[in-house]
Each structure stands twice: as structure tokens, then as C-alpha cells.
Amino acid sequence: MMPSFAYERPRSLEELGKLLENLEAGSFLFSAGATDVISGLKSHPQSYPKTLISLTALSELKGVRLLEKNRLSIGALTKLSEIAENALILKQAAVVAQTAAKIASPQIRNRATIAGNILVNNRCSYFNQSRHNRLVHQFCFKAGGDICHLIPAAREGHSPLCRARFVSDLAPVLLLLRATLQLWGPDGYRKISLEDFYTPDGIRRNNLKSGEIITAIETDLSCAKNVTYEKLRIRNTLDFPSVGVAVMLNVTESMELAVCYTGVNTHPVLIKLSDDRKNGKAMIQAACDQAKKSAQPLRQDHFPPSYRKEMIAVLIHQNLQKLGWKND
Amino acid sequence: MSSYTVIGKPTPMVGSREKVTGKAKFTDDIRVANPLIVGLLRSPLASAKISRLDLSAALALEGVRAGVTGKDFDSTIGVLPISRDEPPLARDCVRYVGEPVAAIAAESSSLCRQALELIRVEYDPIEPCLDSRKALKETSHPIHPELKKPSNLHKSVTQQFGNLEKGFASAQAVVEGSFDFAPLTHAFTEPFATQVEIDTDSNLTVYSATQVPHYLHLALSGALQLPLHKIRVVKPYLGGGFGGKSDPLPHEIVAARLALISGRNVRLLLDREETFFTSHGRHPTQIGMRLGLHSKKGITALSGEMLIDGGAYASYGVVTSYYNGVLLQGPYPIPNLSFHCDRVYTNKLTCGAMRGHGGVNPRFASEVLLDMACEKLQLDPCETRLRLIHKAETLTVNQFRITSCGLKEGLATAMERSRWKEKVKKLPFGRGIGVACGFFISGSALPIHWNKIPQSTVRLTIDFDGAVTVYSGASDIGQGSDTVLAQMVAEVLGISLSHIKVISADTRLCPVDLGSYSSRVTFMAGNAARNAAIRMRKGLVAAACGILEIKPPRYRNPKPAESFFRQGGRKPDFDSAYLGPNPDYSDGFLFQDAKISALSGKAKGKQLDYFEVVKTAVEDHGTLQTQGIYLSPKLGGTFKGAGAGLSPSYSFTAFITEVTVNPQTGFIKVDKVTCAHDCGQPLNPMAVEGQIEGSIHMGLGQALMEGLDYVNGAVQNASFLEYKIPSAFEQPEIEMIYDLSRDNEGPFGAKEAGEGVLAPIIPSVANAIYDAVGIRLCSVPMTPDKVLAALNAKRGNHT
């Protein structure tokens with residue numbers, strides 16, 4: 001059952017600014033595609049703010065265009081299905097389109113936006129539950145309680161340590177495309193690199209301030225052809241990634257390898273390596289080792305943690321194969 | 001070739017347009033006048049004593065009209081009269097997470113939700129029993145103390161036939177294995193819903209999403225102490241059951257009680273999580289099995305030890321316990337066979353009947369073992385099975401009567417179509433092909449409630465307008481039972497489906513039918529419908545003869561169908577000739593395209609209009625009305641448990657399945673399945689194909705990914721996002737072979753279609769995985785992590 005709430009749909013950022021002047025932090029919630037918001041509203045009406053602000057009428061947040069210096073700007077409201085089919089994106093950064101095409105299901109892609117995917121809430125088998133289930137196990141930190149069921153050490157009275165996992169498919173790809181987020185807030189515009197955007201806290205998740213929204217995502221196209229993404233999920237649709245790995249391989253006078261994985265830790269984990277001597281094999285091994293060392297999978301997915309950890313290296317290799325790397 | 005005009009023709013389901021356009025009214029779409037909304041408070045604990053339960057604050061809330069607890073019910077419910085152990089609401093103690101403890105009826109759903117929050121419950125936790133092995137041990141606090149048993153053992157069944165020792169001694173290869181299977185839910189689309197209308201004389205009309213209106217009718221009467229005639233149960237359109245709606249369930253009883261207390265209509269809709277709690281899914285199972293094979297003598301012996309985890313209550317558990325053993329009696333003879341099955345209670349969701357009931361998990365074990373034995377003896381697994389399959393008209397050692405069996409031809413065809421010989425053991429590493437077979441009952445020959453009322457009765461009426469109304473208690477749960485009954489009547493009367501309206505699953509309007517479970521409807525209600533139509537045809541022939549001024553035909557009382565082993569000799573209907581595939585009605589008329597033509601005698605060649613004949617008949621007799629019944633022939637032996645698995649006929653299935661295994665990720669892709677399903681005469685090929693596709697989909701779910709995830713007794717994946725039902729992407733290419741036999745007792749030669757298909761797909765995948773990468777998986781679902789672990793273990797062994 002849906003609770004009742006106030007619904008606002010500002011027509012411009014200016015209108016949004018005025019609206020926010022009269023709202024206290026925490027009393028409102030932004031929504032765009034609303035695929036996360038509506039299900040949350042239905043399952044936990046008590047914990048949702050009183051006002052829902054739809055961003056869907058903000059034309060400032062729309063459109064895909066090429067910028068100077070080989071950069072591409074994608075409006076925050078661009079739907080995943082639009083990204084998957086956008087000619088410009090397909091030509092300039094096909095990996096973004098291909099990744100978007102495999103998120104969730106067609107119905108969800110028709111509503112969900114790129115910014116929504118970047119901001120998708122972290123997931124945990126104790127958080128993404130009904131009120132009944134939360135009562136069974138006690139409410140966890142992320143659900144407003146005082147316990148983490150996955151990290152027994154973080155029990156009662158400790159500072160909230162939330163290990164809900166990060167599940168965006170697009171974030172690792174955009175990170176390897178050195179994406180920058182264009183943000184708008186009551187204090188005006190600011191830019192932040194995606195690399196600086198996420199925080200390793202399953203509750204706070206990112207550095208977005210109250211009242212701030214993403215207006216556009218800018219990516220660097222110079223290495224776009226050198227990036228691929230592979231993910232594992234038990235079904236070939238619908239499911240969030242159990243593990244997803246993006247790889248960038250750039251071999252010029254030196255060799256540059258970057259790996260970013262999702263679905264495992266509380267944030268996307270980026271590993272960057274470069275080597276003048278082009279010892280590819282050793283670099284790949286180092287990337288796999290670093291990935292394995294940094295991965296902290298917990299029992300919050302269909303697949304067991306050890307399996308997900310092991311699969312990161314497998315997906316790194318699958319990506320490298322796609323990128324034409326030949327293991328000698 | 002058959003000369004049928006409706007039977008055997010692909011026919012879209014009756015009501016399918018309503019469903020796809022959204023017009024169909026499912027239970028929650030019914031609009032009873034001004035209903036109270038019912039909600040249930042559920043236990044957060046797996047096991048506890050209820051020390052305090054206080055509804056006063058909830059009842060004091062403005063707009064709350066009634067509330068009930070376990071104390072408002074005197075009796076317990078359960079589908080089997082021998083094990084009615086479930087209170088409609090928990091009484092004194094709770095036995096699983098999610099068990100309903102109290103219920104509220106209020107003027108709106110938000111009020112109802114508020115009121116539920118105001119209920120005060122205090123629990124004294126009891127250490128829950130969550131492990132089926134531990135459940136076998138003595139305990140000071142059994143889950144069902146009223147049974148006065150020292151442990152949580154619910155039912156123990158044993159059967160033994162032949163001489164096991166000799167059987168194993170005569171085998172050339174003896175193989176054994178331990179197998180385990182995850183708990184499953186049916187995952188039907190439509191959640192549980194019940195609405196109750198009450199009139200001023202306290203007569204109840206209960207609309208409910210149920211497969212078993214008749215059993216619900218009986219359960220309501222018993223639990224509410226209300227005479228049967230004051231209760232009418234109606235099943236509206238239903239969005240899937242798969243066995244999950246085949247018990248009378250607590251929420252149905254509670255809704256009716258609240259209607260009686262408040263004197264108001266009530267409406268109850270369970271959400272998806274509650275639907276998971278309420279469904280009695282497939283038992284988590286552990287099996288130890290041993291099989292002996294001889295290249296010439298076949299399977300010389302088989303023994304099995306099963307432990308099935310029943311959860312909190314009994315449900316169909318006693319039947320499930322037997323089915324774990326008795327459904328090993330086909331499709332191959334096993335002269336020396338023994339099994340022992342223990343069903344235990346645990347503080348988890350109740351388990352019961354789910355598509356392939358009780359036969360699915362042991363089928364996996366036996367088919368994998370048969371594959372292993374073939375490997376040991378270097379026999380081709382398909383060729384071996386071809387030699388083993390039951391002949392038609394045989395009796396198994398436990399006295400199952402195998403009437404028709406077209407599996408041999410089916411498997412042979414599947415081998416050709418799949419190019420088995422070119423592929424088996426010849427595909428590159430990572431790709432494999434495997435085979436498995438199975439069989440299933442076409443309805444249980446014994447009713448659950450021991451009585452002599454026919455298992456199915458179908459009534460037909462035709463009024464002056466020529467429209468035929470079929471009244472049947474059978475529940476169309478999406479499987480197409482309304483369609484198949486209409487088809488049979490249309491076939492006999494030579495009219496189109498548009499002339500026929502089926503009114504079904506309404507206990508006031510329709511004669512008793514035991515319900516849609518155990519794959520009984522096509523066979524049993526089908527025979528009843530066919531016989532009712534044949535009687536109707538006799539009346540029309542008489543009227544036609546009047547118009548043509550000829551003598552009515554003298555019916556050659558046709559010979560009883562070649563009755564093989566009609567043990568006990570009970571006649572299934574007044575005239576056994578009306579059973580079986582023979583389309584000869586012995587009346588000298590052709591009924592086709594709404595025309596009735598004389599084929600012989602003085603009037604030969606004369607043609608009458610069906611409507612004209614109907615009009616004449618109605619003028620003579622008033623509304624035309626006939627009925628047909630079905631009662632199973634008396635079957636089976638006299639030993640303990642001999643009744644389990646008895647059926648008037650059995651379906652058979654073989655799968656040849658091709659897979660690709662990714663040795664890096666352990667992912668299994670099922671590329672292609674070739675399915676041979678002997679369902680007798682396929683009455684509606686479109687429905688048969690749908691059933692086969694659905695069984696493959698559901699079976700692959702169990703094989704590859706499905707399972708309830710319990711943490712401390714709570715299900716953590718009670719949603720359609722986290723409970724992994726395969727998507728369309730996982731559905732393989734399917735080739736089907738399904739016109740393989742005619743059953744002498746089935747209506748138009750038909751048998752069960754679509755339930756028996758499920759079981760063998762699972763071991764066929766396992767056997768294909770072995771062919772692909774050389775590992776034997778014994779834990780279901782066969783998830784990528786298990787594949788990888790087995791591959792690593794194998795690599796380890798080799799280095």
C-alpha cells in the first residue's frame with residue numbers, strides 16, 4: 001500500500017531552488033525514474049519523507065551532447081533505455097550504452113535514469129527487507145537500528161558501520177572514463193570527479209549534499225574504446241550484479257591498466273596501474289591480487305562471498321580478452 | 001489418424017482473452033459490497049510461547065470492527081484428515097517466523113495496519129529446531145507436544161519389495177550417493193486472496209484463490225462449526241497454483257470467521273512475502289540411495305533413505321513421505337526395492353505439495369545413479385533406458401497398474417532428434433548431453449477423505465437456445481481444465497466451443513470435484529464430462545429420430561474397454577464402455593458443425609440442424625440435463641501404504657538435455673532440451689506444449705538457482721527479485737514429442753500432461769554436466785559456485 005505524500009514537480013532549477021528554501025533537510029526526497037523510490041515507499045511508508053520532488057520536468061537535466069576536448073555530456077535524466085540506443089553514445093562510448101542495455105529489465109530501463117543508477121542505493125539482505133523481516137532480525141544501522149548483522153563486531157552502541165554493497169553497473173565504467181559529475185544545489189553549481197564522489201559507508205554512500213542533485217555526467221572519450229564491462233548474475237536480466245568488473249587497457253609507449261569492480265564492497269573499487277616496461281602479465285596479476293585483497297564480500301547476495309571474490313579475477317580476464325589482450 | 005474435430009486441435013484457452021486484456025476477475029478483483037479489510041499479525045520468532053496477547057488497544061481504535069486470535073478457533077485444520085495439526089491462528093505458541101498470531105478487520109487498510117501495530121504480544125522464546133537431522137533426536141520441547149512424541153519426527157514410512165540382498169548381489173554394478181535439495185516455493189503469480197460475503201442469515205460466500213474449493217468447503221464447515229449448506233466456495237480466475245493453493249489455509253478460515261463475527265463482508269489480500277510464508281513448498285530433502293544394475297537384467301535393486309523437512313505443520317506431508325519412495329516404481333521395473341522416509345517437523349515454513357509432489361527429488365537421485373551405473377558398465381545411458389522402460393499393461397512390484405506406456409518410442413525419437421549418438425561423450429570439454437526419464441500419476445485413485453462420492457461429477461444442461469452449460473467442480477488454475485472439459489463436450493456434441501460455457505469451481509452451482517491436484521482433472525473430470533456429453537447425445541439422438549420419424553438406435557452396449565487388471569471390478573461409470581479412447585458412439589449419427597446427420601438406415605444422408613433438434617428435445621422434456629461421474633477402479637495391493645501413488649493411469653517423460661558449462665565461472669547454460677512426454681492423446685496440443693514449457697522452466701529453476709534462504713528460521717529472499725525464478729533468457733530451445741500413446745481408460749485416450757514432466761529435467765541437466773566436464777553434482781540447485789568447487793576438487797585430485 002502506498003502512503004500519502006506531497007508531490008512537487010518543479011519546471012526549472014530556479015523553481016526547485018525556491019521550493020527547497022521552504023523545506024528542511026530530510027523532509028523531502030528527490031525522484032527521477034522512481035524505480036528505487038516507489039518500492040521503498042511501498043515497503044517502508046513510515047520511514048519515508050513527507051514530500052516527494054520529481055525532477056522529471058527539469059529540462060536542464062536532459063540531453064546528450066559532445067563537448068570540447070573530446071568529452072561527452074549525458075543529462076542526468078537520460079533514461080537507461082535511451083542511453084542504450086543513443087547514436088552518439090553508441091559511437092563515442094559504446095561501452096556505456098552496452099552496460100546500460102544490461103541493467104535490470106526493459107521495464108525498469110524505460111524509467112530508470114543514468115543519475116539514478118549512479119546514486120542507486122546500496123543493498124543488503126538485511127536492509128532490503130519488509131518491516132516484518134527487519135523486526136525479526138532487529139533493525140540494522142542502515143534501517144535506523146543499532147546493529148549490523150553482517151559484522152558482529154559492530155554491535156550495539158558502536159558507530160554505525162554499514163556494509164551494504166554497491167550495485168551500480170554504470171559507475172565502474174564511468175569511473176574508468178574519468179567521469180565528472182555536474183552538481184546543482186541551493187548554493188549553485190559545482191563539479192566533482194566520480195572518483196571523489198563515493199564514500200566507503202553503506203549509509204552515506206556519497207558526497208552529495210542535502211538538496212543537491214546531479215544535472216549531468218561528463219565523460220572523457222579518449223580511452224572509451226579501451227574500456228569493457230563484464231558482470232555476473234544468476235539470471236541474464238533483472239538482477240543486480242553479483243560482481244561487475246570494468247577494465248581499461250591502454251597500450252602505447254607505456255601500458256596503462258585500470259580495473260574497477262562493483263557489487264562487492266560498499267563502493268566501487270578502482271585499481272590503477274601503469275608500467276613503462278609493458279610487463280602485461282605481471283600487471284594483470286597485480287591487478288587481480290589487489291582486487292582480491294581489497295574485496296570484502298559478505299553474505300548479502302545469491303552467491304557465496306568466496307565465490308564472488310574469486311570471480312573478480314575471472315571477469316578481469318574476460319574483459320581483457322574482449323579488449324584483445326592475448327595471454328602469452 | 002483420429003477423426004476428431006475438436007480433440008487434438010491446438011485450442012486457445014477458454015478465458016485467455018479475458019486474461020491478456022485484463023478483464024478477467026481474479027479473487028482480489030471481485031468487488032464485494034463495502035468490505036472490512038482484514039490483516040494478519042505475524043510472528044517474528046520461529047519458536048516461542050505466547051505469554052500475552054492483548055488486542056484491546058487495537059479493538060479500541062475507531063473503525064476497527066473485529067479481531068480474532070487462536071482462542072477464537074476450537075479446531076485445527078489440515079488437508080489430510082489424519083494430520084490436522086494447524087491452528088488457523090497460533091494458539092499458545094508460534095512455530096515458524098511469519099505464522100499468523102492475530103487478525104483484525106477494519107474499515108480501511110491503513111486503519112487495519114495501525115490496529116495491527118497496536119496489538120500487544122509477548123513471547124517466551126523457545127530454542128527453535130531448524131535442522132532436520134536434529135529434529136530426529138529426542139527433545140524436551142517438541143514442536144508438537146500434543147502428539148506426545150519424544151522427537152520432532154512427524155511420519156516414518158517404510159516399504160520393501162523383493163529381496164534387496166539378492167538384488168544387489170546379482171548386479172554387475174552397484175552405485176550409491178548422497179543427495180540434498182533446497183527448500184522451494186511455487187512462486188505462482190497471483191498472491192493469496194480471500195473475500196467473504198455474508199448475508200443476513202449468516203450464509204457465507206467465500207471467494208478464494210484455491211485449487212481445492214471442495215476441501216476448503218469442508219474445512220470451513222469444520223473449523224467454523226457451520227453446516228456445509230451455509231457455505232458456498234467460489235474460485236474466480238486463478239493466477240497459478242502448482243500445488244501451493246491445494247490446502248485449505250489459515251487465512252481463508254480467519255477471513256470467514258471475521259465475516260461471521262462482524263456480520264460484514266471482508267476482504268483479505270496477502271502480500272508477496274506473506275504468500276511465501278503461506279505456500280507449502282517443496283520439502284528440503286536429504287537422500288541416500290543405492291542402485292544395482294545388470295546389463296541384461298536391468299535394475300536389480302534400489303534402496304533409498306529419505307529425510308524430508310516438513311516445517312511447522314503436516315499439510316500433505318504423509319503423502320509426500322510415501323511419494324518419495326513409491327514414485328520410484330517407474331518408468332523402469334525394479335524387482336527389489338526398499339525405501340524409508342522420515343518426515344520431521346522443524347520451525348520453518350510448512351512444506352507440502354508442489355508440482356511433481358514428492359517424486360522430484362528421489363527421481364534426481366535415481367536417474368543420476370542410473371547414469372553412474374551405466375558409466376561403470378560402459379553402457380549407453382539412453383540405450384540402457386530404452387531396454388528398461390516398462391511395457392504397457394504391466395504391474396509393478398508394488399502393484400501399480402501401468403496401462404499405456406509410449407515412452408520407449410518417445411525416447412527413441414528423442415535420441416534421433418537430438419542426435420544423441422553423435423554427441424554423447426563426443427562433445428568438446430565444456431559441452432555435454434544427458435538423459436533422464438520419469439513418470440507420474442494421472443490423479444490419485446484414492447480420495448483424501450474416505451467416502452464413496454464420485455471423485456468427479458460433471459453436469460450438462462442445454463436450454464432452448466442451444467447453449468451448453470458445463471458444470472464442474474474442477475478448478476481451472478491456468479492449466480486449462482475449463483478448456484479441456486469444453487473441448488470434450490464440443491467433440492461429442494459436434495458443436496463449436498463458442499456454444500459452450502463452463503461454470504466451474506463453485507460449490508453451490510457445481511457438483512463435487514475433489515480439486516486440481518495430483519494431475520487428476522483431465523483424467524477424472526474429463527471422463528465425467530465426456531460421459532455426461534455422451535448421455536446428452538443420446539437424448540439428442542432420440543429427438544432427432546423423432547423428427548426423422550425413425551426408430552431410435554439400439555445401442556450395442558459396447559464391450560468394456562479391453563480391461564486389463566480392473567482389480568476389484570468396480571465400474572468407473574454406469575457403463576464402462578464410456579471410458580477410453582473409442583470415439584464410436586454406436587448411434588448411427590454424425591454430430592459435426594452443429595449438424596446432426598443420419599449415417600445409416602432409412603434416414604441415411606438426412607441432416608438436421610443441431611438447434612432444431614435441441615428445440616424439439618426441450619419441447620418434449622424441458623431443459624435437457626445429464627451428468628457423468630468418475631470413480632477410480634479399485635486398484636492396488638493390501639500391504640501398508642499400498643494406496644499411495646495408485647492411479648488409474650500414468651504419464652511418462654524422457655529428457656535429452658544439452659548444456660554448456662563455463663569452467664571459469666561455473667555457469668551452466670542449458671542449450672537445448674528434447675522432451676518426449678507420453679500424455680496419451682494430447683487433447684489440446686497448445687496446452688500440452690504450454691505445460692511442457694512451463695515444467696521445463698520450473699524444473700530448471702530448481703536445477704540451477706531456486707531455493708529459500710533461511711537465516712535463523714526467517715526467509716531472507718521472500719520476493720521475486722531475490723527468489724531466483726529463471727527468466728526468459730534462461731529458457732532453452734525446446735523440441736517436443738508428445739503424441740505417444742492412447743490410454744484405454746483415459747478420456748479420448750488422454751492421461752496426465754505437465755506435472756510428470758518436471759522431475760526428469762533436473763537429473764538430465766546433472767547428467768549432461770557430467771558429460772560436459774566430468775563432475776557429479778549431488779546438491780540441488782546446481783549453482784555456479786558448486787560447479788566450480790567440484791571442478792576444483794577434480795583438478796586437485798588429478799594433480
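Biologist: Two strands count as a pair when DSSP finds at least two bridges between them. With that in mind, over how many bridges do β19 and β20 of chain B pair, and in which sense?

Modeller: In this predicted model, strand β19 (residues 456-462) of chain B and strand β20 (residues 468-472) of chain B are antiparallel and share five bridges. One pair of bridge partners is I462(B) and V468(B), the latter belonging to β20(B).

Biologist: What sheet do they belong to, and in what order do its strands come?

Modeller: The sheet is an open one of four strands from chain B, ordered β21-β20-β19-β25, and its pairing is mixed. At its edges stand β21 (500-504) and β25 (624-630) of chain B, each of which pairs on one side only. If direction is ignored, neighbouring strands in this sheet are turned by 20 degrees against each other on average.

Biologist: Which helix lies across β19 and β25, and at what angle to β25(B)?

Modeller: That is helix α14 (residues 521-548) of chain B, which lies across both strands and runs at about 145 degrees to β25(B).

Biologist: Now the three-stranded sheet in chain B: what is its strand order?

Modeller: The order is β4-β2-β6 of chain B, in an open sheet whose pairing is antiparallel. The outer positions are taken by β4 (93-94) and β6 (120-125) of chain B, and each has a single partner strand, so one side of each is left without a neighbour in the sheet.

Biologist: And what joins β2 to β4(B)?

Modeller: Two bridges join β4(B) to strand β2 (residues 48-54) of chain B, with the strands running antiparallel.

Biologist: Switching to helices, at what angle do α9 and α17 of chain B cross, and with which hand?

Modeller: The axes of α9 (residues 360-376) and α17 (residues 758-773), both of chain B, cross at roughly 35 degrees and come within 8 Å, and the crossing of α9(B) past α17(B) is right-handed. The residues of α9(B) that make the contact include V360(B), F364(B) and V368(B), while those of α17(B) include L758(B), I762(B) and Y770(B).

Biologist: What classes of residue take part there?

Modeller: The contact of α9(B) with α17(B) has 10 nonpolar residues, one polar residue and four charged residues. Among the contributors from α9(B) are R363(B), E367(B), D371(B) and E375(B).

Biologist: How is chain B divided into domains?

Modeller: The assignment gives domain 1 (16-22 + 449-630), domain 2 (32-126 + 189-240 + 245-278) and domain 3 (356-445 + 643-798) of chain B. The C-alpha centres of domain 2 and domain 3 of chain B are 38 Å apart, and the contact takes four residues from domain 2 of chain B and eight residues from domain 3 of chain B.

Biologist: And what about the domains of chain A?

Modeller: Chain A is split into domain 1 (1-56) and domain 2 (226-322), with 36 Å between the C-alpha centres of domain 1 of chain A and domain 2 of chain A.

Biologist: Which residue of chain A forms a salt bridge with E117(B)?

Modeller: The partner is R131(A), and the N to O distance between the two side chains is 2.9 Å. This pair crosses between chains, since E117(B) is in helix α3 (residues 109-118) of chain B and R131(A) is in helix α8 (residues 131-137) of chain A. Over all chains, the structure holds 47 salt bridges.

Biologist: Last topic, the backbone: where is the cis peptide bond with an omega of about 0 degrees?

Modeller: That cis bond joins G330(B) and P331(B), and P331(B) lies in the loop between α8 (317-326) and β15 (337-344) of chain B. Another cis peptide bond, with omega about 10 degrees, joins V780(B) and P781(B), and P781(B) is in the loop between β31 (779-780) and α18 (784-798) of chain B.

Biologist: What is the phi of N34(B) near?

Modeller: The phi of N34(B) is near 45 degrees, a positive value in a residue other than glycine. N34(B) is placed in the loop between α1 (16-21) and β1 (36-42) of chain B.

Definitions and conventions: Residues are numbered from 1 along each chain as its sequence is written. Chains are lettered from A and ligands numbered from 1 in the order in which they are written. This is a predicted model: local features need pLDDT of at least 70, side-chain atom pairs count only at pLDDT 80 or more; totals for chains, interfaces and linings use all residues. Side-chain values use heavy atoms; hydrogens and water are left out. Axes are lines fitted to C-alpha atoms, for helices over the stretch in contact, and angles run from 0 to 180 degrees between N-to-C directions. A crossing is left-handed if the near helix is turned anticlockwise from the far one by less than a right angle, and right-handed if clockwise. Contact means heavy atoms within 4.5 Å. Ala, Val, Leu, Ile, Met, Phe, Trp, Tyr, Cys and Pro count as nonpolar, Asp, Glu, Lys and Arg as charged, and the others, Gly among them, as polar. Domain bounds come from an automatic or database domain assignment. A salt bridge is a side-chain nitrogen of Lys or Arg within 4 Å of a carboxyl oxygen of Asp or Glu.
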